[in-house]
Every structure is written in structure tokens, then in C-alpha cells.
Amino acid sequence: MKREGLLALLTATAMTASLVGCGSSTGEAQTSEATTTEAGATEEAAQESTEVKEEAAAEESTTASDAGVLSYTTLNLDDYTDLTASIKFLHHKTDREEDGTMASMIAEFNKTYPGITVTTEAVTDYAEDSLLRLSTGDWGDIMFIPAVDKTDLGTYFMPLDTLDNLSQELNFVDSWEFGGNCYGIPYMANAQGLLYNKRIFKEAGITELPTTPDEFIADLELVKEKTDAIPLYTNYAAGWTMGAWDAYVGIVSNGDNTYMNQKLVHTAEPFKDPGDGTGAYNVYKILYDACAKGLIEDDYTTTDWEGCKGMLNRGEIATMVLGSWAYAQMQEAGDTPEDVGYMPFPITVGGTQYANAGGDYNYAINVNASDENKLASLVFVKWMVEKSNWCFNEGGYTVVKDGANPDMYAAFDGCEVLADQPSLAGEETYLNDMNAESELSINAGGNDKVQRIVEAGATGSESFDDIMADWNQRWQDAQEELGIEVLY
């Protein structure tokens, strides 16, 4: 093993602990003092505390870089083939734990790194349980980052590299960046489109994939007329599957990669019909119209998430709206994987179709792990990202720059693929605040609001425009309550 690299890592660990402690101590002192002053002083102290953390993170990034500290981009996998350590990886991929995929990847890893023992634990309700495990410290050495505040990243996780360095080699690494450091790296990325059965489309006489909402609805009507397949499977009963529709609100529906995290919160009527088949209005109208025209399952309350995988594979379902992560599962669920296709979402903006690609869960390394385990964990993470082929095998959009994408993305060749840009400085919490205040939870588990569309479309209990007017009013009320300026 390359011991000079480990020594550099030891130095980095000491620096990190010192800086995190300094930032925390300063923040506590300011908060204590602020309790004896006016509310405005409290807000100022909180802002100063955040600035201290950002400055500390930035200082750590610069100092570490100057000192040649071991990082993702400087680590050479060939230097650590004789490293000995035992590490644990906590994740959410219960299906890949059960089907032996995880064990197979670790066995392949151990062919090169026989001294690194990797144990894994898959958690079913990962979003909630991982946060509990994180708070107690009972999770191991590597985990997928749950929904933590970015200001707390350094408390739990080791900085993997600077954003400047990492973004030269990998895609989608800014999701868990703070103070110039990246604390997470995606295990895979997703491109947002929809699943379809190629054989059913052919039997329905569909020779070209739809590019507009009207074309898509017309194709669903052909499927109903000429085949026995369910034109569009809503997955209503599962609940969480309904949130997939939110993924098309930004880039896919308007071609603007700054919209979701920068402009949406400042938009007066985000659910207004722009009149050209684009925008959030027309994303959700596709679902409403499909339900109103009887182009969905007979009883949306009895949909079956596990069962629908085989149904799409066999051609009993023609289309489903889900991220590209679901493609591999649909292929594996039956005897005709070649019939499973993935296509861009049917909206065209100014003559161009757009696809939104972004990172899935991110690997992170425990800042409190031993130095040897940190090093072994970084070796494992880099091997998983660059050597395991997991992203490709899962149907993921490549995380590695210029990496190969699966054939499933062939239909995206004419699309412009973009990634959402991060929030503006000082506005990092705005979207979360607006989602909570409006109770719309866009791209944040807003399943109830999308289920409402299915119910209204199928039963006629509400018009689509009435629903959109209600959402716009909620959005405006939230802006007023939170004091967020309307700019668009």
C-alpha cells in the first residue's frame, strides 16, 4: 500500500476535525449571545454561523489541495491492492441485495482488493431509517446520503474532493457540494422519460415516437383501439410512483436548466397554460386527459407496483411514467426484455425535446471512520463508480465523463440533455420552504396532489383548470407568507 497517501489522509482528518469543531463552536457562541438581543440579531448570527462553516469548508478545500491530500481524483486504484480493512456499506437497493448483484460486485472487487472485506446492509424504508442511523452513528463506513442539511455535511461525512477537481472527471457531483467540497458522488444518474412496450406500439400502428402531448394522447387511443394493452398505467395505488410526474416540470417541459432551483420559487403562476403544449400545465394535463378518456387501468385504486413490471414486459401495459432507473427492473420481470423501451417525455419546446439528467443517491464516507477505513472506503467508492459497471447495468445515465450509456437511451439521440443548476446563493432553502408552505411538494414526494389529478380525471369530480388554479393560488399564498419576491 502507498503509505504516503495514508499519511496525507491522516493529516486531512486532523484538519477536518479541527475545522468542523471551530465552525460549530463559533456558531454556538453566536447563538447564545443572540438570545439576549432582538430577532434581527438572531438572524444575523445564524447567517454568520453559516458563513463561518462555508469559509471553513473553503479553507479546508484550499489547504488540502495545497498539501496534496489524498482525494478521489488523486487516488490511484493500483496503489492499494494490498490494503487490509473491513468496511460496511449501508444502502437502499434491497432488490440488488436479494438477487445477488451486490455480492457479485463485491466478489469482483475482491479479485483486485482481497484484503478489503466489504459487508453490506440494505434498508427498505431508507429515506427515514437512514436519518435515524445517521443521528446515532450506527451505520458503518459508506452510505447513500439521506436528506440532511448541507451545512451539516462536514459533521457526518468526509470531503471526497473539491468541486472543481471532481467535476472534471464526473457528472452530477454538485448535489452535495458545500464550501467548494463535494461530500457525495452519485452511484448512478437518471434521465427522465417514460417506459413503453415496443411490440404494443408496433401492433397499434405507431411508427414514430410521440413528441407532443396531443400526439401522445392520440397514440394511447390507438393502443386502446387496436390492442388489449392498458394504454397508460398510472401506478396510483403505490403512491410514491405518482411523484414521478413532478420530474418533468423543469427542463423537460420548458428547456430551462435554471428553472427548477432558481426561477420556480419566484414564478407567479407556474401552473398556468402557456398555450403551446409546454410547461408544468401540460405535463399534468397529459395524465388528466388520459384518465378522462379512459386510457388507464379499469380500477386505478388496485394498481400493483410489483406486478406491473411483468405486465409491461409482456405487453399488458403500453406505457408508464417513471425515471430511467425502472428500465432494468422492467426488462428483468419477464421473458421479452427486448420489448421494453424508454423514450423522451412527449413535450417539445421550440422544436427541441429536452431530457433532464441528474444524479441518484450519492455515496458518502463516514468522517468518524478510522483512517484505514476511510482509505479503503474511498478505494471501494472509486471502484464502484468507475469499474463495477453498476450504473450501466442499472440502465443509468453515465456518471463518468464520456462514459458509455445503455442502448435504452438511443431514443434520446435527438434530445438535448441538461442537468438542473443549483439554487442561487442565499436561496438554498427557498424551494423546500415553498413546497412545505404550499403543501405541493414538487419533486419532494408530492404524491397526493398527482393522485388528485387521477381521481378528478377518472371521475369528473374536478376540472383540470380548477386544479391548476388552486395550485397557482397555493403557490402565491406561500410566496406572500414567506416573503419571496415574484419576478416572473
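The buried residues of helix 18 pack against helix 12 (279–292) and helix 19 (464–482), where buried means under 20% relative accessible area, exposed over 50% and partly exposed in between, with a 1.4 Å probe and protein chains only. Helices here are DSSP runs of H or I with at least four residues, strands are runs of E with at least two, and both are numbered from the N terminus. This is a predicted model, in which local features need pLDDT of at least 70 and side-chain atom pairs count only at pLDDT 80 or more, while totals for chains, interfaces and linings use all residues. Residues are numbered from 1 along each chain as its sequence is written, and side-chain values use heavy atoms, with hydrogens and water left out.

Helix 18 covers residues 447–459, and at 1.5 Å a residue its 13 residues should span 18 Å, which agrees with the 18 Å between its end C-alpha atoms; the expected span is taken as 1.5 Å times one less than the number of residues. Its buried residues are Asn447, Lys449, Val450, Gln451, Arg452, Ile453, Val454, Ala456 and Gly457. After the helix comes Gly460, whose phi is positive, near 75 degrees.

Two packed helices are described by the angle between their axes and the distance between the axes. For helix 12 and helix 18 the angle is about 35 degrees and the axes are 7 Å apart, the axes being lines fitted to C-alpha atoms, for helices over the stretch in contact, with angles running from 0 to 180 degrees between N-to-C directions. The crossing of helix 12 and helix 18 is right-handed, a term used if the near helix is turned clockwise from the far one by less than a right angle, and left-handed if anticlockwise. From helix 12, Tyr284, Leu287, Tyr288, Cys291 and Ala292 meet Lys449, Val450, Ile453, Val454, Ala456, Gly457 and Ala458 of helix 18, contact meaning heavy atoms within 4.5 Å. By class, this contact of helix 12 with helix 18 has 10 nonpolar, 1 polar and 1 charged residues; Ala, Val, Leu, Ile, Met, Phe, Trp, Tyr, Cys and Pro count as nonpolar, Asp, Glu, Lys and Arg as charged, and the others, Gly among them, as polar.

The loop between helix 17 (430–438) and helix 18 contains Ser441, and Asn443 is found in the loop between these two helices as well. Most residues other than glycine have a negative phi. Ser441, although not a glycine, has a positive phi of about 45 degrees, and Asn443, also not a glycine, has a positive phi of about 55 degrees. At 42% relative accessibility, Asn443 counts as partly exposed.

Turning to the strands, 5 of the 7 residues of strand 1 (residues 85–91) are buried, so this strand is largely enclosed by the rest of the structure. Strand 1 pairs with strand 2 (residues 116–122) in the parallel sense over 7 bridges, two strands being paired if DSSP finds at least two bridges between them. Within that pairing, Leu90 stands opposite Glu121 of strand 2. Strand 1 also runs parallel to strand 3 (residues 142–144), to which 2 bridges join it, and the bridge partner of Phe89 in strand 3 is Ile142. Asn373, which lies in helix 15 (residues 371–386), counts as buried at 15% relative accessibility. Leaving aside neighbours within four places in sequence, Asn373 is in contact with Ala85, Ser86, Ile87 and Asp141.

A separate description applies to an open sheet of 3 strands in the order 8-13-15, with mixed pairing. Strand 8 (189–191) and strand 15 (416–418) stand at its edges, each with a single partner strand, so one side of each is left without a neighbour in the sheet. Neighbouring strands of this sheet are turned by 25 degrees against each other on average, direction ignored. Strand 8 pairs with strand 13 in the antiparallel sense over 3 bridges, and the partner of Ala189 in strand 13 is Gly359. Strand 13 (residues 354–359) is joined by 3 bridges to strand 15, and these two run parallel, with Leu418 of strand 15 as the bridge partner of Asn356.

Over the whole protein chain there are 19 helices and 15 strands, and buried residues make up 52% of the 488 residues. Among contacts in the chain with a separation of 6 or more, residues 24 or more positions apart account for 77%.
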